[in-house]
Amino acid sequence: MSGHRSPQAAWHWLGLCRVLSLLHLASASTGPRISARMLRRSDSLAAAARDDSARTANREQHLRECLQSEQLFFAHAPLDGAAEPESFAPVGWDGEWESFAFSGRVADGLDATPPRPYGLGDLARVSRAPLFLAAECAAVIAEAEADSAWRGAQPLAAYANSAACFRPVRELPATLRWLNLALERTIYPAVLSAFAAAELAPTLLRCSAASIVKYNATAGQTGLAVHRDGPGLAITIPLNQLSEYDGGGTFIEALEEGRGGVLRRPAGHLILHPASLRHGGATITCGLRYILVVWLFSSKPALFPHGHFSTQRAARMLASALRITNPIAKPSILNADDILEPGCIADPGGNVQTSALSGGSAYRRDLLNAAAKGFEEAVRLGAAENTESAHVGLGTCSFLFLCYFYFYVIFISMLF
C-alpha cells in the first residue's frame with residue numbers, strides 16, 4: 001500500500017499541477033507587461049529629466065544673450081520692481097501708427113493668431129511719419145559703403161538664393177553710436193507707444209542684432225525669401241527713398257489680401273512686426289534699396305521661449321553635419337563643440353555621444369542623431385506653437401538618415 005496512490009490523492013496532485021501551470025502562464029503573460037510599463041515609466045522620467053536640463057541650458061543661453069546685448073547695444077538699467085516711467089516718448093514724433101491685425105481664423109495657419117505677448121491687432125505697426133531724418137539715413141548708408149565688406153547670406157539659409165547682402169552694425173563705429181542713441185531716445189519709446197505688452201517696456205528691451213541690408217538689382221541681390229526669425233520684435237527702417245528703386249518693401253505673409261502683403265515706406269519710417277511671423281524682402285526690379293533691420297527681445301519674457309533655444313541648438317548640429325564634406329576621412333577633432341558654431345552645445349549637458357574615431361560618416365550620423373533628438377525636444381517644449389522649424393528639421397534629419405541608409409545598402413551590395 002505504501003507505493004500505491006489512492007484515486008483521491010491523484011486528483012489532488014493533478015489539481016496542484018494545474019494551479020501551478022496557471023500561475024506560470026499568468027506570470028509569463030503579465031511579467032512582460034509589467035516590465036514594459038516600468039520601461040515606459042523609466043523612459044518618461046528620463047525624458048522629463050532631459051527636458052528639465054534643456055530648460056536650464058535655455059535660461060543660461062538667454063542670460064548670455066542679455067549680457068552680450070548689454071555690452072554692445074544700449075540698455076536701460078533695471079528698475080528693480082519699480083513702475084515703468086511715463087516719460088518715455090519718441091523724441092520729435094507725434095506717436096501715430098498705422099495698424100494691421102491678425103485674421104484670427106485658425107484655418108489660416110500659425111500666423112492667423114498672435115504669438116505671445118502680442119494681441120490680435122498687433123500684426124504690424126507702421127509709423128505715419130518718419131522718425132529719422134534723411135540726412136541720418138544717408139550717413140548710415142555712406143559708412144556701410146565706405147568699403148566693400150558686404151556679406152552674403154549663409155549658403156545653407158533657405159533664403160540664400162538671390163538674397164540681399166548685409167553689414168552688421170557692430171562693424172560700423174559711427175552707425176553703432178548713432179543706433180545706441182536712437183534705441184534710447186526713439187526706438188524703445190516707439191515700441192512702448194506701439195504695443196501694450198508689459199514685457200516690451202523700454203527697461204526690458206534688449207537688442208540682439210542690427211544690420212544694414214542692401215538690395216542691388218544689377219548684382220542680382222534682389223530680395224529675401226520668406227522666413228521666420230526668433231521670438232521678439234523685428235524693426236525695419238528704410239534708409240533711402242522709394243524713387244531710387246522699383247519694387248521692394250517688407251513682405252508679411254499674414255497681411256490681408258487686400259493690402260497686398262507688402263509694406264513700402266519712405267526713408268526714416270519704422271515698420272514693426274513680431275519677428276516670428278513669416279516675412280521677407282519683396283523683390284526689387286531695378287535700383288538700390290537700403291534698410292536698417294533691428295531685432296529686439298525681452299530680457300524677462302512672460303512666456304519663456306524654450307522651444308526657440310532648443311530649435312537653435314538642433315539646427316546648429318544639423319548644419320554642422322551638412323558641412324562635413326568628406327564622409328570617409330576621420331575628423332581631426334573629437335570634440336563636437338569644435339565643429340559646431342561658437343557657443344553651441346550638442347545637448348543640455350554640452351556633449352554629443354559620438355563615434356568620431358570611426359570616421360567622418362559615423363560622426364555625421366551621430367550629429368544627425370543628436371539633431372533629431374534636439375528637434376524632438378524643441379517640439380515637446382513648445383516650438384510648434386510659433387514655427388514649423390522644429391518639424392522641418394526633424395523631417396530633414398529623417399530624410400538624410402534614409403539617404404545614408406540607402407547608399408550604405410548600395411555600397412554593401414557592391415562589395416558582395
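In this predicted model, the side chains of Glu70 and Arg206 come together in a salt bridge, with a distance of 2.8 Å from N to O. This pair joins distant parts of the chain, since Glu70 belongs to helix 1 while Arg206 belongs to strand 4 (residues 205-216), the two being 136 residues apart. The structure holds 13 salt bridges, and the points below describe some of them, grouped by where they occur.

- Arg206, by contrast, is buried, because its relative accessible area is 4%, and buried means under 20%.

**A pair within helix 1**

- Arg55 and Asp52 also meet through their side chains in a salt bridge, for which the distance from N to O is 3.0 Å.
- Both Arg55 and Asp52 lie in helix 1 (residues 7-72), where they are three residues apart, which corresponds to about one turn of the helix.
- Arg55 is partly exposed, at a relative accessible area of 31%, and Asp52 is likewise partly exposed, at 45%.

**A network of salt bridges**

- Four residues, namely Asp147, Arg151, Arg167 and Glu171, are linked with one another in a network of salt bridges.
- Within this network, Glu171 forms a salt bridge with Arg167, and the closest N and O atoms of the two are 3.6 Å apart.
- Glu171 counts as partly exposed, with 29% relative accessibility, whereas Arg167 is buried, with a relative accessible area of 2%.

Methods. Residues numbered from 1 in each chain as written. Predicted model: local features only at pLDDT ≥ 70, side-chain atom pairs only at ≥ 80, totals over all residues. Heavy atoms only, no water. Helix = DSSP H or I, 4+ residues; strand = E, 2+ residues; numbered from the N terminus. Buried < 20%, exposed > 50% of the residue type's maximum accessible area, 1.4 Å probe, protein only.
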